[in-house]
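Welcome! Please take a moment to look over the sequence and the model before reading on.

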Amino acid sequence: PIVQTLRNEAANWLAMMPAADEERLRWLRYLLVDQANNIRDAAVADPTLARLLLGELLPHLATYCFLAAGRHVPRHKDVLAELARLDGPAAVAMRAIVEATDIGVALTLTEALMQRVVGSTTFFTWDMIPEATTSVD
């Protein structure tokens, strides 16, 4: 009985879709744009480093896609298949970036994917939600 209760509870939790908190999504967009900027900077001086940084960016970009859609982030081994179901062109672009042998081509494809997913490839105005402050008198 306890095992079935736990299974039911787990199923209920998994059925709930994560809420896309706009503040969190804004912060993630900023981090993604910052990482893309680092990759652009590294590409000229150290293409190998740029590829390493690109390898870090792509999983975070996929995570953003799922969170922005209010979906659970899938297991690592299922990311591309699930991304293809969610946003086919984004999954195709991600595969093309990974398979690109030329860093310039990879960067061009990354810029297009960033624009599609995040809506920006460069830093953007940070519209912070004002926090309540207390006066110190």
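What follows is a short tour of this chain, from its overall layout to its salt bridges and its inner spaces.

## The overall layout

Please keep in mind that this is a predicted model. The secondary structure of the chain comes to 6 helices and 0 strands. Reading from the N terminus, the order of elements is α-α-α-α-α-α. The chain has 137 residues, and buried residues make up 31% of them.

I2, V3 and L6 make a nonpolar surface patch of about 310 Å². One of these residues, V3, belongs to helix 1, which covers residues 2-15. V3 has a relative accessible area of 46%.

## Salt bridges

How many salt bridges does the structure hold? There are 7 salt bridges in the structure.

| Pair | N to O distance |
|---|---|
| E22 and R29 | 3.1 Å |
| R40 and E111 | 2.5 Å |
| R116 and D87 | 2.7 Å |

Take the pair of E22 and R29, whose side chains meet in a salt bridge. E22 is partly exposed, with a relative accessible area of 40%, whereas R29 counts as buried at 15% relative accessibility. The cut-off for buried is under 20%, so R29 falls in that class with its 15%.

Next come R40 and E111, whose side chains meet in a salt bridge at 2.5 Å. This pair links distant parts of the chain, with R40 in helix 2 (residues 22-45) and E111 in helix 6 (residues 103-117), 71 residues apart. R40 is partly exposed, with a relative accessible area of 25%. E111 also counts as partly exposed, at 24% relative accessibility.

Where does the salt bridge between R116 and D87 lead us? The closest N and O atoms of R116 and D87 are 2.7 Å apart. R116 lies in helix 6 and D87 in the loop between helix 4 and helix 5, so the pair ties together parts that are 29 residues apart in sequence. R116 is partly exposed, with a relative accessible area of 47%, while D87 is buried at 17%.

## The largest pocket

Now for the open spaces. The largest pocket holds about 230 Å³ of space. Its lining is made by 14 residues, and those nearest the centre of the pocket are L58, P59, A62, H76 and V79. Helix 3 (47-68), helix 4 (79-86) and helix 5 (88-99) are the elements that give two or more residues to this lining. The largest share comes from helix 3, with 7 residues.

## The cavities

The largest cavity holds about 40 Å³ of space. Around the largest cavity you will find P18, A19, A20, D21, R24, L25 and L67. By class, this lining has 5 nonpolar, no polar and 2 charged residues.

The second largest cavity has a volume of about 30 Å³. The residues that line the second largest cavity are A36, I39, R40, L54, L107, T110 and E111. Helix 2 and helix 6 are the elements that give two or more residues to this lining. By class, the lining of the second largest cavity has 4 nonpolar, 1 polar and 2 charged residues.

Definitions and conventions: Residues are numbered from 1 along each chain as its sequence is written. This is a predicted model: local features need pLDDT of at least 70, side-chain atom pairs count only at pLDDT 80 or more; totals for chains, interfaces and linings use all residues. Side-chain values use heavy atoms; hydrogens and water are left out. Patches are made of residues with over 30% relative accessible area and no salt bridge: like charges are joined within 9 Å, nonpolar side chains (Val, Leu, Ile, Met, Phe, Trp, Tyr) within 5 Å. Accessible areas come from the Shrake-Rupley method with a 1.4 Å probe; for residues, only the protein chains shown count as cover. A salt bridge is a side-chain nitrogen of Lys or Arg within 4 Å of a carboxyl oxygen of Asp or Glu. Helices (H or I, at least four residues) and strands (E, at least two) are DSSP runs, numbered from the N terminus. Buried means under 20% relative accessible area, exposed over 50%, partly exposed in between (1.4 Å probe, protein chains only). On a 1 Å grid over the protein atoms alone, a cavity is a set of points where a 1.4 Å probe fits but cannot get out, and a pocket is an open set with protein on both sides within 12 Å along at least five of seven lines; lining residues have an atom within 4 Å of a point. Grid points are joined across faces, edges and corners, and a volume is the space filled by probe spheres set on the points. Ala, Val, Leu, Ile, Met, Phe, Trp, Tyr, Cys and Pro count as nonpolar, Asp, Glu, Lys and Arg as charged, and the others, Gly among them, as polar.
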